[in-house]
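Reader: I have a model open and want to talk through its fold. Can you take me through it?

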Amino acid sequence: MRTRGFTLLELLIAGTIFLVALAVVYAVTAESTDTARVGTNAGTLEGQASRALHRIAGELVAAGLDTLEPPDPQGVSSLTFRASAGADGATIQWGPRQSVFLRGGHVVWIRDIDDPVQEVVLCGSVRPLAEGETANGVDDNGNELADEEGLSFELSGRTLTIRLTVERKDRSVGLLTRTVTTSVRLRN
Ligand SMILES: [Ca+2]
Ligand SMILES: [Ca+2]
């Protein structure tokens, strides 16, 4: 018995099915690679923000409540303070005036504002405004602060809340944004 070969039409159909299957596999792989990359970038961004926030909080943890400038920060992006440098009997000795502020997308810390040579950049890629805020004079993100910047300080009693929003461009999702928050209890 003579074996029949494939017709041209059959070969074309088989080839098309193969190409479609290949395209589907490629699309799925590309999508999962993209998802993995976005996840990695988001993780890196969050890590960067968390490290900077802990650094800021670390400087503020010894700060005196009565040394703050402004004395009642409510959403400001710049804070001057003095930290405890030990005690002389019952009297706390306060160190030099320090400052943490936002400048050109960077969080800058100056350990002694009378000697600003010692300024340190704690974090870059800070969003001009906090996540969810647009410059319109109203509170868009529901935290009772209007148009607060990417770094903000808010005092409630002796508790100082620090919020930091960073962002990074990503080719598939546009902008990746992460916000980290922490609180420190200031000294009397
Ligand atoms: Ca707000
Ligand atoms: Ca707003």
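Author: We can go from overall dimensions to the sheet, the helix and the core.
Author: This is a predicted model, where local features need pLDDT of at least 70, side-chain atom pairs count only at pLDDT 80 or more, and totals for chains, interfaces and linings use all residues. Residues are numbered from 1 along each chain as its sequence is written, and chains are lettered from A and ligands numbered from 1 in the order in which they are written.

Reader: How many helices and strands are in the protein chain?
Author: The protein chain has one helix and eight strands. Both are DSSP runs numbered from the N terminus, helices being H or I of at least four residues and strands E of at least two.

Reader: What radius of gyration does the protein chain have?
Author: It is 27 Å, whereas a compact globule of 188 residues would be near 16 Å. The radius is taken over C-alpha atoms, and the globule rule is 2.2 Å times the number of residues to the power 0.38. Along the principal axes, the C-alpha atoms fill a box of roughly 110 × 35 × 30 Å.

Reader: Sheet next. Which strands form the open one, and in what order?
Author: The order is β2-β3-β4-β5, with antiparallel pairing. Strands count as paired if DSSP finds at least two bridges between them. β2 (78-88) and β5 (119-123) are the edge strands, each pairing on one side only.

Reader: How many bridges between β2 and β3?
Author: Eight, in the antiparallel sense, with β3 covering residues 91-103. L79 has V100 in β3 as its bridge partner.

Reader: And β7 with β8, how many there?
Author: Twelve bridges, also antiparallel. A hairpin through three residues joins β7 to β8, and R163 stands opposite T181 in β8.

Reader: Where does the helix lie?
Author: Helix α1 (residues 8-60) lies across β2, β3, β4 (106-110) and β5, at about 135° to β5. Axes are lines fitted to C-alpha atoms, for helices over the stretch in contact, and angles run from 0 to 180 degrees between N-to-C directions. Contact means C-beta atoms, placed from the backbone, within 7 Å.

Reader: How many residues are in the largest nonpolar core?
Author: It has 22, and A52, I56 and V107 are among those with the most contacts inside it. Such a core joins buried Ala, Val, Leu, Ile, Met, Phe, Trp, Tyr and Cys through C-beta atoms within 7 Å. Buried means 20 or more other C-beta atoms within 10 Å of a residue's own.

Reader: Which element gives the most to this core?
Author: α1, with five residues.

Terms used: Two residues are in contact if their C-beta atoms, placed from the backbone, lie within 7 Å. A residue is buried if 20 or more other C-beta atoms lie within 10 Å of its own, exposed if 12 or fewer, and partly exposed in between; C-beta atoms are placed from the backbone.
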